[in-house]
Amino acid sequence: MRQYLLCLLLALTIAPAFTRTRHFAKDSYLSSDEVQSFETDDDDDVTPTLSRDTFVLDDYRKLTTDPAAERLRGQALVDYVNARQDLWTARLSDKFESYSEGAKWGLMGVNNVANSIKARKHESATRFLDINLPKNFDSRTNWPQCDSIKQIRDQSSCGSCWAFGAVEAMSDRICIASEGKIQATLSADDLLSCCRACGFGCDGGEPLAAWRYWVKDGIVTGSNYTLKQGCKPYPFPNCEHHSNKTHFPACKHDLYPTPKCEKTCQDGYTKEYKSDKFYGKTAYSVHPSVEAIQKEVYTHGPVEVAFEVYEDFLNYDGGIYVHQGGKLGGGHAVKLIGWGEDAGIPYWIVANSWNTDWGEDGFFRILRGVDECGIESGVVGGVPKIDSYNFDNDDDDLF
């Protein structure tokens, strides 16, 4: 009884702390009156202004996000972000504003951003290599023969980011490992619909499980919806993700259901499903340090990374992203292709899967060295198995 009372007392003592966490419930936006009150708050001690001219990485580590700013949304959030810093520019996304809360955050299809303890038992050995890493590195220019590195895909209205980040990096690594002799675009649909161990298809999945599926079961080729090339093209059309661009039709406001696993190629394709598969040799996590991630990318090519998406990121329009406001919506998987510095500010270069009308032509930069939004904690990759592949294959469908 005494132990029970002590535990109860301890619980009552620490309970209030859990009411002050930095994340709010999904419906806890500020009211109009609260927004007006917050916008007139001149207390700069709460959230110091970030400037490119005075930015110091170590100082940024000490900053915390104003809880009231995390409850901003819409134009009020955009105005706040642009007023408080000049590292990146926010612009209101009409597309995301028109989504329901469930559909909007359903696009963020990663439940666990950081790699698990079990996953970290199998980390890439590239972290032990003695490499003189360059100050700037971009996979697009380092391996110019690999067209897939430059491509931006579109997951459409489906929480398939975990599958896109995987097949994009796998395609790049096949090209890099074959010294440009194999230009294959792996199918997001094949992975999305057929990997049962990966998760729940359009309702989310786990990146490392996707890489393990590549090793065990293999993945066929497949382009985006528009090109309709390869064995299994993506079944959902490109759609508009950005407010000021009108190249594509607007995204539907509900998520698509996960497509059925069809172990056949589309009509007219020249290969059988099984013979079209590409396999991985190994799958692993990457140690969560800047240098380890850099060595992995420098050695084998782009990696898949997961990170936390806040409302302000949806309105990203260019620059070096740092979280400033808006609530936490979910985990998102993308492809990290390099790094660099701008005015002395270190960043990662990342490819998103929201088409080329979002961000910096589909790419974005995010602060490097502070595990911003967890982006350095959930890195995964693998090595392709190309030993038995016929390099003289002239199949035009390997686009």
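Helices here are DSSP runs of H or I with at least four residues, strands are runs of E with at least two, and both are numbered from the N terminus. On that basis the protein chain has 13 helices and nine strands.

Some ground rules. This is a predicted model, where local features need pLDDT of at least 70, side-chain atom pairs count only at pLDDT 80 or more, and totals for chains, interfaces and linings use all residues. Residues are numbered from 1 along each chain as its sequence is written, and side-chain values use heavy atoms, with hydrogens and water left out.

Now the chain overall. Buried means under 20% relative accessible area, exposed means over 50%, and partly exposed is in between, with a 1.4 Å probe and protein chains only. Of the 399 residues in the protein chain, 55% are buried. Next, contacts, meaning heavy atoms within 4.5 Å. Take those with a separation of 6 or more: residues 24 or more positions apart account for 76% of them.

On to the cysteines. A disulfide is a pair of cysteine sulfur atoms within 2.5 Å. How many disulfides does a search of the whole structure find? Five.

Start with C158 and C202, a disulfide with its sulfur atoms 2.1 Å apart. The torsion about the S-S bond is -100°, and the link is left-handed. C158 sits in the loop between α8 (139-142) and α9 (161-177), while C202 sits in the loop between α10 (188-194) and α11 (207-216). That pair links distant parts of the chain, 44 residues apart. Both C158 and C202 are buried.

Next, C194 and C261, again a disulfide, S to S 2.1 Å. Is this one left-handed or right-handed? The torsion about the S-S bond of C194 and C261 is about 100°, so the disulfide is right-handed. C194 lies in helix α10 and C261 in the loop between α11 and β3 (279-285), so the pair ties together parts 67 residues apart in sequence. Both C194 and C261 are buried.

Then C231 and C265. Their sulfur atoms are 2.1 Å apart in a disulfide. The S-S torsion is -95°, and the link of C231 and C265 is left-handed. C231 and C265 each lie in the loop between α11 and β3, so the pair ties together parts 34 residues apart in sequence. Both C231 and C265 are buried.

What about C161? C161 is in no disulfide; the nearest cysteine sulfur, that of C158, is 8.8 Å away. C161 counts as buried because its relative accessibility is 0%.

Now charges. A salt bridge is a side-chain nitrogen of Lys or Arg within 4 Å of a carboxyl oxygen of Asp or Glu. The structure holds 22 of them.

Look at K232. K232 is buried, with a relative accessible area of 4%. D189 forms a salt bridge with K232, closest N and O atoms 3.9 Å apart. D189 is in helix α10 and K232 in the loop between α11 and β3, 43 residues apart. D190 also forms a salt bridge with K232, at 3.4 Å between the closest N and O atoms. D190 lies in helix α10 and K232 in the loop between α11 and β3, so that pair ties together parts 42 residues apart in sequence. D190 is buried too, at 0% relative accessible area.

Compare D147 and K150, whose side chains meet in a salt bridge at 4.0 Å, N to O. D147 counts as partly exposed at 47% relative accessibility, and K150 does at 37%.

Last stop, helix α12, residues 290-300. Its buried residues are A292, I293, Q294, K295, E296 and V297. Just after α12, G301 takes a positive phi of about 110°.
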